[in-house]
Amino acid sequence: MDSMEVSERVQDLLSVLDGSDEIFLSRWDRPRTIRHKGTRDLVTDTDLAIEAYLKEHLRDVVPGANFMAEESAKETLPSGTCWIIDPVDGTTNFAHHFGDTATSVALWENGKVVFGAVSAPVRGERYVAERGRGAWLNGRPIHVSDVSSCSDALVATGFPYSVHEDMDEVLGNMRILLDATVGVRRCGSAALDMCFVACGSFDAYFEGWIKPWDIAAGWVLVEEAGGRVSGRSGAPYQFHTPILASNRAVHEDMVRVLALNTER
């Protein structure tokens, strides 16, 4: 599918994101109001403003849908028809005026993500995917890479807010990834890491600590771009478990490599 042909609901979502992008960019060069949810877990006034805007305007896109949004979520798993929202993924990047930060929105319906979008206004990039229709970057079709060997793969990862408490496991994962691949990158936005797999910039992405709103839109993006998303062992992915997303060609090798850290 060469052109971006999406449903009316996706078109409406993209219109809402136009508005949230305006909020994002209007605050980009302004001083940040920052508070700590945890030692390393930040929230800014922009997170709160964009989340409120999205919840207000998405109500009309899918009437009756629930919301699971990072700054207000009371549930740990989506249920029914549910918008899964991260208003500013990569808040620490945003707080430090580093442009790898994005808004991620996905719709959960009938037990799966049916469509999603990741908008990175500072980068001028918007990634969109709809189940069964394809994946696009700024309206152009995207596809995962064709790298077939772990030794040639560029892999993304992330670190948890509990990095000091989980240092041994974090370093164990990094050690085996650095040894088995051509390189490892840590950008600080899981949503964008998944997008970069979808468009072929990264060949795989692995993270052991992740929340649904970080990767819901990226999940459908990777799969619609021809890739694969699973748990660390290769089993079907479930929220709140380690995630492995890849171009499909290196997936089994990545599963084998990551198993080395669970065997020690």
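Modeller: H240 sits in the loop that joins β13 (228-231) to β14 (243-246); helices (H or I, at least four residues) and strands (E, at least two) are DSSP runs numbered from the N terminus. Bear in mind that this is a predicted model, where local features need pLDDT of at least 70, side-chain atom pairs count only at pLDDT 80 or more, and totals for chains, interfaces and linings use all residues. Residues are numbered from 1 along each chain as its sequence is written, and side-chain values use heavy atoms, with hydrogens and water left out.

Most residues other than glycine have a negative phi. With 38% relative accessibility, H240 is partly exposed, a class between buried (under 20% relative accessible area) and exposed (over 50%), using a 1.4 Å probe and protein chains only. R248 also has a positive phi, near 85 degrees, without being glycine, and its place is the loop between β14 and α7 (251-262).

For a buried residue, turn to D86 in strand β4, whose relative accessible area is 1%. Leaving out residues up to four places away in sequence, D86 touches E70, A102, T103, S104, W213 and D214, where contact means heavy atoms within 4.5 Å.

Strand β4 (82-89) is also among the elements packed against the buried residues of α1, along with α2 (45-58) and β5 (102-109). Those buried residues include V10, L13, L14, D21 and W28. Helix α1 (residues 8-28) has 21 residues and reaches 30 Å from first to last C-alpha, close to the 30 Å expected, that is, 1.5 Å times one less than its number of residues.

Finally, the count gives one cavity of 30 Å³ or more: on a 1 Å grid over the protein atoms alone, a set of points where a 1.4 Å probe fits but cannot get out, with lining residues having an atom within 4 Å of a point. The largest cavity has a volume of about 50 Å³, the space filled by probe spheres set on points joined across faces, edges and corners. Helix α4 (residues 167-180) gives the largest share of its lining, four residues. F159, M174 and W209 are among the lining residues, which divide into six nonpolar, four polar and no charged; Ala, Val, Leu, Ile, Met, Phe, Trp, Tyr, Cys and Pro count as nonpolar, Asp, Glu, Lys and Arg as charged, and the others, Gly among them, as polar.

Technical notes: 1 Å grid on protein atoms, 1.4 Å probe; cavity = no way out; pocket = protein on both sides within 12 Å on 5 of 7 lines; lining within 4 Å.
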